[in-house]
Amino acid sequence: MNIHTPNGPIDSSRASAEPRPSREEAEAAVRTLLRWSGDNPAREGLIDTPARVVRSYEEFFDGYDTDPVELLARSFEETDGYDEMVVLRDIRLESHCEHHMVPIIGKAHIAYLPAGRVVGISKLARVLEVYAKRLQIQEKLTAQVANTINDVLKPKGVAVVIEAAHQCMTTRGVHKPGVTMVTSRMLGAFRDDASTRREFMSLIQGSRGTVEG
Ligand SMILES: Nc1nc2c(ncn2[C@@H]2O[C@H](COP(=O)(O)OP(=O)(O)OP(=O)(O)O)[C@@H](O)[C@H]2O)c(=O)[nH]1
Ligand SMILES: [Zn+2]
């Protein structure tokens, strides 16, 4: 949930009122879930599971301590006036839904129209990665990636499209495999100029389709 301040909304995902629990407390919580599932955390196969799960969480949720703005801090101006669209398509996306804490798997397409400066292309994927490694809903993830690139690079426009399968819809609940959620955020020229948007959509067209979930 976003907290609204006089200066606008701030992202509350990195600011918790409670201090982080210790590793031991986190492992104890996993043992509770194992017992809740009906199993015996003391048996051989499960004895190391709490430690494994906590290590996995360190990987899955590695995005809270990185500031995505810093990732875009280094940019290059010697582009000989390149001002056409830069598109990074088919970026593998792995995230976790904030309602059920199960995987969201898909791909992202990110584009921007440079206004003088370009960034190292891997940095666009890194921005996605930082936000993806937090608990998410797809709409927010899409908006956060686009807004960050827009705010830091100040390009003529930014476009982000994400297509993903939500395992909370495929392996539980409504059980609908093969369903892809598509979200997009268009800013600047991508929002205002239909031909720019069309060019972007046609550049990512070939790669769009059902994603694995
Ligand atoms: N808008 C949006 N919804 C999501 C996303 N990921 C999961 N959801 C949905 O979040 C909703 C949570 O609904 P609840 O009714 O509170 O939870 P639930 O009882 O587990 O719902 P079901 O999944 O329908 O069983 C579900 O409809 C999910 O499909 C996402 O990225 N964006
Ligand atoms: Zn979910």
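## A walk from the core to the ligand

Start by selecting Ile110, Tyr112, Leu128, Leu141, Val145, Ile149 and Ile162: of the 29 residues in the largest nonpolar core, these touch the most other members. A nonpolar core here is a set of buried Ala, Val, Leu, Ile, Met, Phe, Trp, Tyr and Cys residues joined through side-chain atoms within 4.5 Å, and buried means under 20% relative accessible area, with exposed over 50% and partly exposed in between (1.4 Å probe, protein chains only). Colour by element next: β4 (86-97), β5 (103-113), β6 (118-119), α4 (121-132), α5 (138-153) and β8 (157-166) each give two or more residues to this core. The largest share, six residues, comes from α5. Helices (H or I, at least four residues) and strands (E, at least two) are DSSP runs, numbered from the N terminus.

Before going on, note that this is a predicted model, in which local features need pLDDT of at least 70 and side-chain atom pairs count only at pLDDT 80 or more, while totals for chains, interfaces and linings use all residues. Residues are numbered from 1 along each chain as its sequence is written, chains are lettered from A and ligands numbered from 1 in the order in which they are written, and side-chain values use heavy atoms, leaving out hydrogens and water.

Now pick Ile149. Leaving aside residues up to four places away in sequence, Ile149 touches Leu72, Ile110, Leu124, Lys154, Pro155 and Val158 (contact means heavy atoms within 4.5 Å).

Next stop: Gly157, in strand β8. Is Gly157 buried or exposed? Buried, with a relative accessible area of 0%. Show its contacts and, beyond four places in sequence, you get Ala111, Tyr112, Leu113, Leu187, Gly188, Ala189 and Phe190.

Finally, go to ligand 1. Around it sit His99, His100, Ile137, Gln138, Glu139, His166, Cys168, Met169, Arg172, Gly173 and Met181, each with a heavy atom within 4 Å of the ligand. Zoom in on His100, where a polar side-chain atom lies 2.6 Å from a ligand oxygen atom. On Glu139, a side-chain N or O atom is 2.7 Å from a nitrogen atom of ligand 1. Arg172 places a polar side-chain atom 3.0 Å from an oxygen atom of ligand 1. The elements giving two or more residues to this shell are α5 and α6 (167-170).

Note on methods:
Polar contact = N/O pair within 3.5 Å; in protein donor to acceptor, adjacent residues only side chain to side chain.
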